[in-house]
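Biologist: Please go through the labels used for this model and say what each one rests on.

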Amino acid sequence: MTSATADTDTPGPAAADERPPDAATGGLAGVPDAVRRRLATLDRWWNPYSWLITALVVAVAAILRLTDLSRPKGYIFDEVYYPTDAWDMLQHGVEWDEKTNGPAYVVHPPLGKWLIALGEKAFGNNEFGWRISGAIAGTLMILILIRVAYRLFHSIVLAGIAGLLMALDGFQLVLSRTSLLDIFLGLFILATFAALVLDRDHYRRRWLRALERGYDPADNVRGLPWIFPWWLLTAGMLFGLACGVKWSALFFAPFFAMLVVVWRVQARRSAGVRRAFLSGILGDLGYLILSFVLTIIFYVATWTGWFVTDTGYFRHFREANGLSEPPILGALLNLVHYHSEAYNFHSGLTDRHVYQSWPWQWLLLGRPVAFYWNGNGSCGAPSCAAEILLLGTPILWWSFLPALAALVWFGIARRDWRAFAIGTGVVAGLLPWFYFALADGRTMFAFYVLPALPFLILAVTYALGAIMTPSTGTVAGSGRSDRQLIGTIAVGVYVLLVALCFAWFHPIFIGQLIPYEDWSSRMWLGSRWI
């Protein structure tokens with residue numbers, strides 16, 4: 001892997017097949033080459049080969065997620081809640097309780113259910129209808145991950161590997177083929193991160209253009225160049241949609257905000273600005289606040305059905321309790337009360353469940369969730385079994401912890417901003433759950449880890465890139481070529497093993513009816529997986 005300091009954007013690991021435009025030369029002579037290299041970004045994003053790899057991997061992912069999507073028949077696991085809520089929202093505008101013929105009390109925001117409702121609107125209230133939106137969301141996650149990996153590593157090979165690893169992950173596959181909310185949460189969190197990476201590149205690119213036009217970073221009179229953060233505001237909108245699926249998206253807010261500030265300070269320092277932190281921090285915080293305002297606006301917009309139907313739960317709570325209810329403010333205050341009640345519900349949810357698990361078990365696949373089981377049917381054996389088990393592809397998942405160790409090592413040793421960014425996503429997706437597990441023993445399940453999954457896969461990709469690329473300082477010659485060849489073979493073997501492992505477990509990812517002995521042979525950790 002090529003060395004990259006915290007304020008340097010050099011080509012990523014194994015980047016020989018795709019280098020960024022030569023930002024180290026050309027342009028006005030007044031900008032030193034060292035500054036150009038520090039501010040270099042991936043400008044040539046329209047690389048036909050990168051998009052060809054993207055299309056091929058996304059096609060594989062789509063086939064795996066869409067094939068026979070309507071099986072198994074009926075609701076599986078928590079599909080008893082969300083598809084029925086989605087269908088009711090099409091009829092009534094809000095979730096509905098058929099027993100009371102009134103609005104239902106639910107504790108998750110409505111956007112994920114509205115996305116499920118889109119599929120039901122298009123294809124009907126059936127298995128394909130309520131699962132198609134999740135399958136599309138899961139496929140889009142892979143598309144975005146490939147493009148993020150390409151921008152981070154500047155390598156078509158590594159971008160393709162990142163996408164392929166997610167395409168061949170049973171955990172993401174099962175959630176893509178099931179009508180739950182978490183796949184939409186994962187999609188919007190990853191899209192938010194992608195927008196932040198684009199904002200980082202945009203900010204650095206504009207700084208380089210300012211220097212090329214003769215801007216003097218030592219000139220305290222002119223002030224800093226004005227750079228409007230289009231992608232940062234886009235990230236705020238996307239993050240509002242993530243919150244509109246599940247509130248756990250908020251765990252990422254402080255970590256993403258920290259990334260924005262750190263990246264901008266690094267860019268100003270790379271451009272030669274003195275006191276890089278203090279000179280622009282007010283602008284950074286101001287734009288972050290504006291972005292968060294957009295988050296709130298887009299989040300509240302996901303409750304449009306609750307506002308306009310006039311029949312949502314707690315919609316007229318103040319009026320029912322003898323309080324004044326102004327037309328707009330009253331509705332907002334009622335929504336605040338709804339959120340307070342829902343938060344109290346989540347905070348007090350400590351009921352035991354047979355498939356609950358703790359955060360320290362997740363990456364080890366200590367307690368996967370059984371979504372579906374059927375022992376009936378003919379499979380050519382005396383006893384048969386069909387199961388859908390929310391299980392990550394074991395070889396991939398059991399490589400997460402070593403990859404994270406490598407990420408920390410390279411991040412510290414090489415001051416690599418990519419390791420810092422990827423690690424931040426992992427921490428945001430995992431650390432808060434450790435707190436709640438230890439603080440109040442809250443009921444939680446393995447699928448809560450899905451928003452962190454893209455970052456975990458990026459960590460593996462980062463480590464693979466380090467294996468494929470000669471160490472810095474190795475002299476050109478046979479030693480360098482041999483190291484690259486051995487590393488490339490090792491990475492190829494790893495990806496092949498992940499693919500074979502995925503194929504082996506595929507029947508229990510999709511609920512295929514197989515002989516009971518075949519099913520039992522896939523229960524590698526025995527009772528922990530049963």
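Modeller: The model is predicted, so local features need pLDDT of at least 70 and side-chain atom pairs count only at pLDDT 80 or more, while totals for chains, interfaces and linings use all residues. Residues are numbered from 1 along each chain as its sequence is written, and side-chain values use heavy atoms, leaving out hydrogens and water.

Biologist: At what angle do helix H3 and helix H4 pack, and how far apart are their axes?

Modeller: H3 (residues 82–92) and H4 (residues 111–123) pack at about 75°, with axes 8 Å apart. Axes are lines fitted to C-alpha atoms over the stretch in contact, and angles run from 0 to 180 degrees between N-to-C directions.

Biologist: Why is H3 called roughly perpendicular to H4?

Modeller: Angles of 65 to 115 degrees count as roughly perpendicular; the angle here is about 75°, so H3 is roughly perpendicular to H4.

Biologist: Which residues of H3 meet H4?

Modeller: Contact means heavy atoms within 4.5 Å. Among those in H3 are Tyr82, Trp87 and Leu90, and they meet a set in H4 including Trp114 and Ile116.

Biologist: What makes Arg147 count as sitting over the ring of Trp51?

Modeller: The rule asks for NZ of Lys or CZ of Arg within 6 Å of the ring centre and within 35 degrees of the ring normal. The charged end of Arg147 is 3.8 Å from the centre of the Trp51 ring. Arg442 likewise lies over the face of Phe436, at 4.1 Å.

Biologist: How do you know that S4 pairs with S5?

Modeller: Pairing needs at least two bridges found by DSSP, and two bridges join S4 (residues 384–390) to S5, running antiparallel.

Technical notes:
Helices (H or I, at least four residues) and strands (E, at least two) are DSSP runs, numbered from the N terminus. Angles under 35 degrees count as roughly parallel, over 145 as roughly antiparallel, 65 to 115 as roughly perpendicular and the rest as oblique.
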